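Reader: Hi! Could you walk me through this one?
Author: Happy to, here it is.

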Amino acid sequence: MRKKMWIFHRVDHSKCFFFIWNQCLYFAAVACLLFSTVRTDVACPEDCICARDSGTVTCRDGKDTEVPGDIPEWTSTLILKGRNISTLQRGVFMSNRTETELTTLSLSYNGIRVIEHYAFLGLPRLHLLDLSHNSLEFISARAFHGLLELRSLYLNHSLLPPATEQLSNALSTQSVPNLHRLELAGNMLKHIPHIRLDMHNLHALVLINNSIESIGGDNVTTLYQQRRIRFYLSLNPFRCNCELEAFYYWLKNSSQCPDAGRLVCSEPESRRGVPVETLREEDLDCMNENLEAVSYVFLGLVLALIGVVFLMVLYLNRGGIKRWLNNIRDACRDQMEVYHYRYEQDSDPRLSNVAV
């Protein structure tokens, strides 16, 4: 009997122990969860939304005019929009002078005007940088220094003329050696910018919706040399005359322009809206166009010469022409007198009887 009671007491003691242990684990888990939540809220910058699961921090339309300095360490995607950041200063993205884990950085619609040298220090793993829809006036030659892993750079609707000229120096193989895609849409460019097209890894150059009217022979030669690069050129106002001949043959014989079917003529009026690919060779033949212009000039000269000869003949025979005109006038006057006399006779019977 004592043995049985001892066994029963031992079982109850074990159950009590496991119950207490489970309760402790539960409260510990709750405490950890609460602690983690509070820590996340504290780590998220003001006026920003943090999503730790996706590693994304989004800051929109804040009052601050600077880049937030307390970006969480776990952030892989940072989106800053509508922050009125006029200048990107040196090392502005370095947190406590340490490198970050950012792979995507979007800075569109921030009114950025100046990018100083070494502005993107501390972002060695950045793959995508979006600077679209800003008003860039100055880009330092070392603005993108340190972005060794950058694959895509978006500068759509952002470049003012001074920044366009400076871009070539900023995009060097030392700064962005692995750049694959460069987007320059909507920047009112009149020609292919003088950037380093010989960058080893550049595969796509987007130039849609600009003001490119013609691409000359020198630029076409460059296009032929960079066979690995895909050029996107739709929504440009191409002037379809003989100056576009070299580009037309490149477009017909190359596969480097994926949107070739959407390239249309803007001028002349007779070809407005006509796809460049569907033009005939004679439409862009400089020789035919020049011959046509020369023929019109020659016809004008011949007509002018004939007119001059005719006037000279008239001048040299002015005396005879005057006599001839006087004789015609006298003959007409005599004829009119005869008609007048007959009219008077027919209208008055008395004159008719006298005449008889």
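Reader: Great. What should I know about the model and the numbering?
Author: This is a predicted model, so to speak: local features need pLDDT of at least 70 and side-chain atom pairs count only at pLDDT 80 or more, while totals for chains, interfaces and linings use all residues. Residues are numbered from 1 along each chain as its sequence is written, and side-chain values use heavy atoms, with hydrogens and water left out.

Reader: Thanks. Which residues touch the most other members of the largest nonpolar core?
Author: Leu88, Phe120, Leu129, Leu131, Phe144 and Phe247 do, in a core of 66 residues. A nonpolar core here is a set of buried Ala, Val, Leu, Ile, Met, Phe, Trp, Tyr and Cys residues joined through side-chain atoms within 4.5 Å. Buried means under 20% relative accessible area, exposed over 50%, and partly exposed in between (1.4 Å probe, protein chains only).

Reader: And which elements give two or more residues to this core?
Author: Strands E2 (56-60) and E3 (77-81), plus helices H2 (161-170), H3 (217-225) and H4 (245-253). The largest share, 4 residues, comes from H4. Helices (H or I, at least four residues) and strands (E, at least two) are DSSP runs, numbered from the N terminus.

Reader: What does Phe120 touch?
Author: Leaving out residues up to four places away in sequence, Phe120 touches Leu88, Phe93, Leu105, Leu107, Ile115, Leu129, Leu131, Ala143, Phe144 and Leu147. Contact means heavy atoms within 4.5 Å.

Reader: Back to H4. Which of its residues are buried?
Author: Phe247, Tyr248, Trp250 and Leu251 are buried in H4. Seen down the helix axis, they fall within an arc of 165 degrees, so they line one face of H4. The arc is that of the directions from the helix axis to the C-beta atoms. What covers them includes H3, strand E12 (230-232) and strand E13 (238-239).

Reader: How about H2, which residues are buried there?
Author: Ala163, Thr164, Leu167, Ser168 and Ala170. The buried residues of H2 also fall within an arc of 165 degrees down its axis, so they line one face. They pack against strand E8 (138-139), while Pro161, Glu165 and Asn169 are exposed on the other side of H2.

Reader: Switching topic: is Arg83 buried or exposed?
Author: Buried, with a relative accessible area of 0%. Arg83 is in the loop between E3 and strand E4 (87-88). Among the residues Arg83 touches, not counting those up to four places away in sequence, are Asp47, Asp61, Asp64, Glu66 and Tyr109.

Reader: Nice. Where does Ser76 lie?
Author: Ser76 is in the loop between E2 and E3, and counts as partly exposed at 22% relative accessibility. Ser76 and Thr100 are 24 residues apart in sequence and 8.3 Å apart in space, C-alpha to C-alpha.

Reader: Last one, the surface. Which residues make the nonpolar patch?
Author: Phe298, Leu299, Val302, Leu303 and Ile306 make a nonpolar surface patch of about 490 Å². Like charges are joined within 9 Å, and nonpolar side chains (Val, Leu, Ile, Met, Phe, Trp, Tyr) within 5 Å. Accessible areas come from the Shrake-Rupley method with a 1.4 Å probe; for residues, only the protein chains shown count as cover. Leu303 is found in helix H5 (residues 286-316) and counts as exposed at 53% relative accessibility.

Notes. Patch = residues over 30% accessible without salt bridge, like charges linked within 9 Å, V, L, I, M, F, W, Y side chains within 5 Å. Salt bridge = Lys/Arg side-chain N within 4 Å of Asp/Glu carboxyl O.
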